[in-house]
Amino acid sequence: MMPKGYINDLGAECLEQTSEQFLGQGLKKLIVNFSDVQFINTIGVSIFTSMVQKALEYNGLLCFTNMKKVHRDIFEMVGLMKYVRFFKDEEEAILFLKGRN
Amino acid sequence: MPFGSLQEKDFLDRQSELADLYQRVLQAGAHAARSVVVAGPRGIGKTELLKQLFGLLFWRQDRVSPFYVVVNPALLSATPFSQTYLTQFLCQRLAFEKKEQSLLQRDGLSLDGLSALVEDRDAAWARELLDQYRQSSDPLSALRIALSAPSRSALITGTPVAVLIDEFHRLKGLSLEGSPDPHLASFFESPLSYGKTPHVITGNAPEIEEMPVSSGLDRMALLPLGFEDVSSKAVSLLRANEIKGDAPPLLLRRLGGNPFSVECVVRAAGAKKNPEERDFWNAYVREIREGTLARFWSSALKSSFPDLGSRRTALSLTHKIYHANEPFTCRRIAAAFSLTDRDAEATARALYFAGFIQGEFGVFRAVEDGVLRDIVDCLYLKEVLAKAPQDIERELLEKLLPQGEKAVRFDVTLPMTREAELVAAQCLDQIGKNMNLNQDAIGQLQIAVIEACINAMEHGKGAENGISVSVAVEGERMEVSIESAGREFIAQETGEPFGDHEVAKPSGRGWGIKLMKRFADDVRFEKTARGTKTILIKNVGKSINVQKEGSTERE
C-alpha cells in the first residue's frame, strides 16, 4: 500500500479499508510504503492504531517502509512501534517476510 | 492593611476574575453563595486579587461585609489563632459599617481593648460574640466560636460576610498544646459551606487540594497573563521609574505571564538608567542567580528539605525531571537515585507540595514555567556542580541571549476550512528553505503546527475570523504562534487547553498536545483578547547544505 500526501482522517480511513479488505481476503503480510507521505496528524495516527489492531486480530503482520524520522517518532510516541515492523525500503521488508516463510 | 498594593486603575490584568469573584460573593446578599478556591502557581497574583476584592467590597457596596485574613505561620496554636481571627473579624466588620479605614489597622487589639471598642460602638451582636468567646471553656471551643463568628454575625445582623483567607494551606499546621493537628482545619467545614459567608481561599494549591475541607469547594484557576498584559505591565513599571525604553519581547515571553517574575526582572533592570536589551537579560540572569526570584525558590527548597543531603538529592531529582522527556514514577526515581521507594515518594511529594513539580497521582513531571526551569538549572550548576558564579552567568547568557540577528516575521490568516493547516505547514517549509534552516527540525515543527492549527479550529468553531498564524525567525530560533477565537482554556495544573482532551478523545486527538511538546522545544498557551494563543518555539539550527524537497532524512 502506498498512501500519499497528508494522512488525516480521510487518507487514513481509506488505508484502513484497503488493509481490511486484504486481511479479509486472507493476506496476512502487508507492507505500507510511506515514501509519498508528507504529513501525518494525530487523527491519522489514531486510525493507524485501529488498523494495527485489525491486523493483530487477523494474525497479520504490518511492515512500514520508507518512513521519515519525524513520522516514525509519531508512531513511537503513541506506542505503535512494538506492533509494527519498520524497514528502510520495500526490498528489505520483502526479504524479511520471505525469510519468515 | 488588607488593601491591594496597586491602585484600582492600575489593576488591569485580572479584571474579569475580580468581577467574577465580586459577583459571586454578592450573591450572599440575596441567595446563598458558594465558597471558592482560587488556585494558581506562586507569583501569579492570588494575594493581590484577594486584596483588590476586599477593597472593592469595602468601598463599593453595603450589602456584604468583607473580612480578609492571612494565616500567620507564627500564630498557629489554637488559642492565639482564634483570638487573632476573632479580633480581626470584629475590627473589620465594625470598620465596614461606617467605612472607617482606621479601624482596619487596629487588629492587634487585646481582648480588653476589643471589649472597649465594642462598647464604644454599642454593637450588641459583637458584644454577644465576644462574651461567648471569653466564656469558652477550652481552646477548641474558642476556636470553633472564632471561626463561626462571621456566620453568627450574619445570622444576627442579616449582613452576610465574605471571608477572604490567604495562605489557607498553612492551617494544616494548626496546633493544640504545641503539636500540629491537621484535623483542626476541618473546623472550617461548616463556615465554608454556609451560604451567607462565602469564603474565597487561596494559598499553595497542591497543599489546599489535599485538605479534606477543600473537596466541596468551587475552583477558579488564575492563568498566566497574556503577552499583551505582560507588555503593559512592564511598560507601566518602567514608566513609573521614568524609563523610556521597552523590555525585550523575547524576555517578556520567557517570564511566562507571571506578574511577580515580570515585576522582579523589570525592577532589577530599571535600577540602571535607560537599560538596553542586554541590561534586561543581565537583570534576568541576576534575578534567577541571586535575586528575589532565586531566593524565593531556594528558600522553598530549604524549608521542604532542611537536611543537606536530602536537599541535594531533591535538587538533582528536580533537575533530572526538568530535562527528561518522560514523566517520572516513584519507582523510576528510586532506581535513579538509589533511594527506597518510601524515600523516593517522600522526596517527590515534598517537591510537588513546594511547587517544583506536578503530579498529584504519583507520576511527576516538570512545571510549565520557564523561569523556574532556569532557576533549577542555575541552582544545580551552583550547588551540585559547584560552578563559579561568573561561569554560571556566562553559560546562562549564552543560552538565553538572542543571536543578535534581526527577527524576520511572516503572518498568515487561515480560513476555517478543511486542511487549511497544510497551508501553515507549507509556509514553514518555504521559510525554512529561504532562510537555510535545518529541514529535519522544520519537519518536526510542521507536525506540531498542524496539531496546533487543528486544535485552534476545534476550539474556535463558529468564529468567523479564522486563525492567525505568525512565524518569527530570529537567528536559529523559530517561534510560531497560532491564535484563534476559541475561549476554551486550560486546567492550571497542566497548563493545557482542556478542549484537547474533551473534543478529541473519540477521534484520537488527545495526543495533539503531547505531539506538540515532543516536536517543539517549548509550548505555551496564552489567553488573549481574541481567544487562545498557542506558541511553539524551536531552535531549528542552520542547514549544512540546502536540501531539496523530499530529501528529509529517512530511516
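1. Helix axes are here lines fitted to C-alpha atoms over the stretch in contact, with angles taken between N-to-C directions. On that basis, in this predicted model, helix H13 (residues 292-304) of chain B packs against helix H17 (residues 370-384) of chain B at an angle of about 75°, the axes being 10 Å apart. Angles of 65 to 115 degrees count as roughly perpendicular, and H13(B) and H17(B) are therefore roughly perpendicular to each other.

2. The contact between these helices joins Leu293(B), Ala294(B), Trp297(B) and Ser298(B) of H13(B) to Val371(B), Leu372(B), Ile375(B), Cys378(B) and Leu379(B) of H17(B). By class, eight of the residues in this contact are nonpolar, one is polar and none is charged.

3. The largest nonpolar core holds 65 residues, of which Leu53(B), Ala146(B), Ala162(B), Leu164(B) and Val200(B) touch the most other members. Helix H3 (residues 78-98) of chain B supplies the largest share of this core, ten residues. Leaving aside residues up to four places away in sequence, Leu164(B) touches Leu50(B), Leu53(B), Phe54(B), Pro66(B), Phe67(B), Tyr68(B) and Val200(B). Another core, of 58 residues, lies apart from it and includes Leu428(B), Trp511(B), Met516(B) and Ala520(B).

4. Strand S15 (residues 532-539) of chain B has six of its eight residues buried, so the strand is largely enclosed by the rest of the structure. S15(B) pairs in the antiparallel sense with strand S13 (residues 477-484) of chain B over eight bridges, Met478(B) having Lys538(B) as its bridge partner. With strand S14 (residues 522-527) of chain B, S15(B) pairs in the antiparallel sense over six bridges; here Glu526(B) stands opposite Lys533(B).

Methods: Residues are numbered from 1 along each chain as its sequence is written. Chains are lettered from A and ligands numbered from 1 in the order in which they are written. This is a predicted model: local features need pLDDT of at least 70, side-chain atom pairs count only at pLDDT 80 or more; totals for chains, interfaces and linings use all residues. A nonpolar core is a set of buried Ala, Val, Leu, Ile, Met, Phe, Trp, Tyr and Cys residues joined through C-beta atoms within 7 Å. A residue is buried if 20 or more other C-beta atoms lie within 10 Å of its own, exposed if 12 or fewer, and partly exposed in between; C-beta atoms are placed from the backbone. Helices (H or I, at least four residues) and strands (E, at least two) are DSSP runs, numbered from the N terminus. Two residues are in contact if their C-beta atoms, placed from the backbone, lie within 7 Å. Two strands pair if DSSP finds at least two bridges between them. Axes are lines fitted to C-alpha atoms, for helices over the stretch in contact, and angles run from 0 to 180 degrees between N-to-C directions. Angles under 35 degrees count as roughly parallel, over 145 as roughly antiparallel, 65 to 115 as roughly perpendicular and the rest as oblique. Ala, Val, Leu, Ile, Met, Phe, Trp, Tyr, Cys and Pro count as nonpolar, Asp, Glu, Lys and Arg as charged, and the others, Gly among them, as polar.
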